[in-house]
Amino acid sequence: MGKIYTALGLMSGTSMDGIDASIISSDGDKKYSIIADKYYKYEEKFRDELVRIRSKVLTNDDFVSFETEIAKIERELTLLHAYAANDLIKKNDLNIDFIGFHGHTLFHDSRKKISKQIGDGKLLSQLCKKDVIFDFRKNDIDNGGEGAPLTPIFHNAIVNKNLNNELNKFDTINILNIGGIANITKTAKWEKFYESSDMLQASDIGPGNCMIDSWIRNNSDSMYDNKGKLASYGKTNSLILNQALENLYILPPYNKSLDINDFDISFVRGLNLENGASTLSDLTAEIISDAIIYFSNSLNSLCVVCGGGRKNVYLMDTINRKLSKYNNLKFIPIEKFGIDGDYIESQAFAYLAIRSYLNLPLSFPKTTRCILPCTGGT
């Protein structure tokens, strides 16, 4: 058995509402266990500033145009991550080997092979007095990859550890993460994965929460549609929905990584708050449902869902309704298997930090389109 390391993972996601922090122990391979998870909410002033900066950075050149503003918020973001890390370490009285620091994505363009996260890894290391592994995406991009998604190898560990019974019942088990962008991982039994890493497949598949969140932020005082209540009060505009599906549709083979700036919501600008939320939610559900069907390959398939979007009751009900005619396809929240779906990504970056230290691959040709399996992280 390989040495077991203890790592703390930090994730600031596209919802821009706070930091997810997790401590895990793992050998960076098959074995892992969850020690602690905690959420650290951003204060409203910082969150609003992060949202403002994120909306201004639309091209790579904007990093030069807004250099001073970005440097300021990067420092603030790093200090908040340091507080979260030190607090969680102190509360659990543990010796941490590594901190996996994702930072916050300000710009991602797969076509130009650019992915930029803010967050000062060296400063975080000084403040926490721990080895910090960060800048996880660069090496994948340098090796021909899309830079995302990076969590599939951890998704595979989750399924092999926690869903043993289901591995024998289903031909395929997929993990769907509905964050700002939705991505899906087609997992494999470890023995199949070791025979060929191509058995592990993944891709971004389209918008998750990003279009709905953007609409709510732009048209109300809220950050998101809590449980999809606004969408449930609204009426979907079928004409606008069908036009949007024609113009925005994400088609197989799902081989491009995506960014929230890839999706424009101006086509619903004439609708009221509730009808816009309903129309965008139905659009999102349509795109996600088609991707789930595609990745199930018409086999006896289980799709396990995690990420913030699973809390949107309207969105989940709409996806379930669209999948209901497929008797061979089960769509189940990850909590049904005793797993907290809020912390998958922060746990993943703790796991990836350990793999990075061990020089194990983080990404694979069928997950990010890199040329060969490659490690990453600084």
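The model is predicted, so local features need pLDDT of at least 70 and side-chain atom pairs pLDDT 80 or more, while totals for chains, interfaces and linings use all residues. Residues are numbered from 1 along each chain as its sequence is written, and side-chain values use heavy atoms, with hydrogens and water left out.

**Aromatic rings**

- Across the whole structure, a search turns up 16 aromatic pairs (rings of Phe, Tyr and Trp, the last by its six-membered ring, with centres within 6.5 Å; planes under 30 degrees apart are stacked, over 60 edge-to-face, the rest tilted).
- Tyr5 and Tyr357 make an edge-to-face pair, because their ring centres are 5.6 Å apart and their planes meet at 65 degrees.
- Since Tyr5 belongs to strand E1 (residues 5–11) and Tyr357 to helix H14 (residues 344–357), the pair ties together parts 352 residues apart in sequence (helices, H or I of at least four residues, and strands, E of at least two, are DSSP runs numbered from the N terminus).
- One aromatic cluster is formed by Trp190, Phe193, Tyr194 and Phe364.

**Charges over rings**

- Lys116 lies over the face of Phe63, 4.7 Å from the ring centre (NZ of Lys or CZ of Arg must be within 6 Å of the ring centre and within 35 degrees of the ring normal).
- Likewise, the charged end of Lys161 sits over the ring of Tyr32, at 5.4 Å from its centre.
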